[in-house]
Amino acid sequence: MDLNLFFVAGVGKSCLLLQFTDKRFQPVHDLTIGVEFGARMITIDNKPIKLQIWDTAGQESFRSITRSYYRGAAGALLHSSSRRETFNHLASWLEDARQHANANMTIMLIGNKCDLAHRRAVSTEEGEQFAKEHGLIFMEASAKTAQNVEEAFIKTAGTIYKKIQDGVFDVSNESYGIKVGYGGIPGPSGGRDGTSSQAGGCCS
Amino acid sequence: MHETEIHDLSDDADYAASQQQGSASIMRSDSGRQSSSSEPDGAEVVYSKDNVTIHPTQFASERISGRLKLVKQGSSLFMTWIPYKGQSSNARLSEKDRNLYTIRAVPFTEVRSVRRHTPAFGWQYIIVVLSSGLAFPPLYFYNGGVKEFLATIKQHVFLVRSAEDANVFLINDFENPLQRTLSSLELPRAVSVGSGHSTSISVGESPLVETHERSNRNFCDGRLSVSEYSGRPRQKSQDPARDLSIHVLEKFSLVTKFARETTSQIFGEAHTNGFGAIEKRRYNQSSIDQPQKVSNSVEKVPDETPIASDPLEKISCMKHNLGEEAATDVGNFELINCEEFDKLALVWGQPRQPPLGTEEWVTFLDSEGRITDSKALRKRIFYGGVEHILRKEVWAFLLGYHAYDSTYAEREYFRSLKKSEYETIKNQWQSISPEQAKRFTKFRERKGLIDKDVVRTDRSLSFYDGDDNPNVNLLRDILLTYSFYNFDLGYCQGMSDLLSPILFVMGDESESFWCFVSLMERLGPNFNRDQNGMHTQLFAISKLVELLDIPLHNYFKQHDCLNYFFCFRWVLIQFKREFEYEKTMHLWEVFWTHYLSEHLHLYVCVAILKRCRNKIIGEQMDFDTLLKFINELSGHIELDAVLRDAEALCICAGENGAACIPPGTPPSLPIDNGLWYPQQDDVL
């Protein structure tokens, strides 16, 4: 199964993605123009799932273009730094995503663990609070140390997977960002085979 | 399209118009020559032959007869072949067929060679090959007259018999460049296969092998779709744009048809004497040149060519055959040639030239430093780019920073003026105190964005790598200054990609700034907040694909891909991320010449898509997959080949192509100032 996830807005997404797909930290990464991709196979429930992650250009100017990518996403990752301005920007992005993506999209807010505590403008608690209010999963991760990176992606995928099993998604409809591959649909009765999902991510 | 004409050029009032629509659009021609031919006054018919016929299908019973004429106008000689109106050997041949095959005033300056065929049975015929590599279908002289035809040509243009083949007559062959043409064009088939030239038959030589390698490397198969010739789209739409596309495709298909015929000749030759010794030609012609026989031997080919077959399969088949068995398997041999001619259909842009060097550059300058013939310079750069050492000087002209007719002294003075002007603007933000910045959110945001982006721009290049690299600081200063110079547009991601090569080339801060300003005059709308500049260009690409590749257009339409967002990065930063740095610079200078079109970059998009179209359609890519696929083409696109394709497509599309591109589409200068919008700054 393929799952499409989305990465949206801000500096640091690409680093986080690279840490997840290639297990390496590359502090210097050309800024994203348009949309870039990363993909990795993970296993949930003994089922191989291909996570396809769409890394979108950060600047809002591109939103009229990037939002067209949301449509095929099962989940989204918002990457937010602890900078106040970035954080404030989240609500605006969420609104846009909710409007242009499917309603059942799973969204995870990833706070940047890297930021030194004394330089943080937004506290962990505040991030948790925001996530709770908006129905997001929250986790702090660091691209530099790789802490929680794996967990963040897998938790997002796991949540989507559960939704699929609960029958929330019609997996025969690819516009949900779920493509069921070789053998069976993992519907409420339980799938037999791999699922892949696309996810997008956001905000540093 | 246009009505079939059987009368003389001189009395046809619609001639000029039809010429525009027809041959002028698909054939390489200088506008100068073209305009002279569209003025029928003073044209003199120096040769006229009735019952000159083409056989559009394999069956000689299906034929279109017409009148072949040589028309002298001023010092130019033109060839026309106009089918008779309303007189057809076969009801299946429509009016459209006749229009498609019509040859409208081809100037002999564009003719490469004429090959005469004198079969023992049947009619004499000729094959006219253009310097572009395109060949017209064989013209059969039912009433004889080939000798007279050639004699007449000889009276008016320089015509010599090829030393290698007594039946090939070279036009304007001043330094016997046939060999060069064959090898350098890399499309020797039309010329050499048509002329039965022996070198063309040794198919194991590099051009084909290269094709194969390239195909594998680039995972684009570099072909026009098979369906374009075997499927023969025949929409009856009256939409002129659609008609043009059919016209173009049909013309390509003529080449293919021609290829099939010549292939069978080669095959015959290969069969009897193993790859074509010239001495045996007469013998072979006598057995092959009869149209019926030719057609019988190749009749099944189009059907055997699967429309959506796996390109790799074909390539491997080709490779296989290239190795040892080219002459032993009719079917596969045919397939090879179809493949090859598919490629040919796209590759008739001129061969790329070496970059403009210093010695040649000075010839463009007069004693005071003016560029006397800017068009010639732009043309030269269009076909070869410039050597890196000259870029600093040449880019300033191409970008419009310096006027072509300025002198050394004027430029020197201008530079100093601009330098102080730059300093003034730069000082506007440099003088903002920390206290002031606290109350200037927009400034802080912009600076923050630029700071973040310049350290993520081309850092793998030594010019920009390492900590505290002064060039990174220059990038930042110039971008920030630009955001003050054009405060409404401000800063947008992608600008640093556009500035990076300019700074790399110009070195000087102020010069870089002003060259960047010139570039942004044209590409600024790419960065408008509402993305209107981008949307216009993506729209234009969709119209061009519709014009130049209907099957691909239909595929995108069916798969909801007509927004062409997958071309977004290509267009926004002018393929900067698709090629190595040096190649990007080369591509940009070619774009900046505006030689064939201001919008060559859009044709480059079409050319790349066309090269990949079989893969796209074959794998039934949906939007997501396509987007990923296109992204991953980065670093795998062969620049020279794509440029040649783009050139060919641009010429093919002609006026109709230009009509696909709305006025004011970047990099055209905006039609009014309304295209600039105040931008809201972003936070990330």
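**Reading chain B: surface, sheet and helices**

Modeller: Chain B has an accessible surface of about 25,500 Å², with 51% of that belonging to carbon and sulfur atoms (Shrake-Rupley method, 1.4 Å probe; for residues, only the protein chains shown count as cover). This is a predicted model, where local features need pLDDT of at least 70, side-chain atom pairs count only at pLDDT 80 or more, and totals for chains, interfaces and linings use all residues. Residues are numbered from 1 along each chain as its sequence is written, chains are lettered from A and ligands numbered from 1 in the order in which they are written, and side-chain values use heavy atoms, leaving out hydrogens and water.

Biologist: What percentage of the residues of chain B count as buried?

Modeller: Buried means under 20% relative accessible area, exposed over 50%, and partly exposed in between (1.4 Å probe, protein chains only). Of the 684 residues in chain B, 61% are buried.

Biologist: How many helices and strands are there in chain B?

Modeller: Both are DSSP runs numbered from the N terminus: helices are H or I with at least four residues, strands E with at least two. Chain B has 31 helices and nine strands.

Biologist: In what order do the strands form the sheet?

Modeller: Two strands pair if DSSP finds at least two bridges between them. Here the sheet is open and antiparallel, in the order β4-β3-β2-β1-β7-β6-β5-β9-β8 of chain B. β4 (103–107) and β8 (159–161) of chain B are the edges, each pairing on one side only.

Biologist: Which residues of α21(B) are buried?

Modeller: The general idea first: an α-helix has 3.6 residues a turn, so residues three or four places apart point the same way. In α21(B), the buried ones are B:F443, B:E445, B:R446, B:L449, B:I450, B:D453 and B:V454. They sit on the same side of α21(B), because their arc around the axis is only 165 degrees (taken from the directions from the helix axis to the C-beta atoms).

Biologist: What do they pack against?

Modeller: Contact means heavy atoms within 4.5 Å. The buried residues of α21(B) pack against α19 (408–430), α20 (434–438), α22 (470–485) and α23 (495–506) of chain B.

Biologist: Is B:K628 buried or exposed?

Modeller: B:K628, in helix α30 (residues 623–631) of chain B, counts as buried because its relative accessibility is 17%. Leaving aside neighbours within four places in sequence, B:K628 is in contact with A:F37 and A:Q52.
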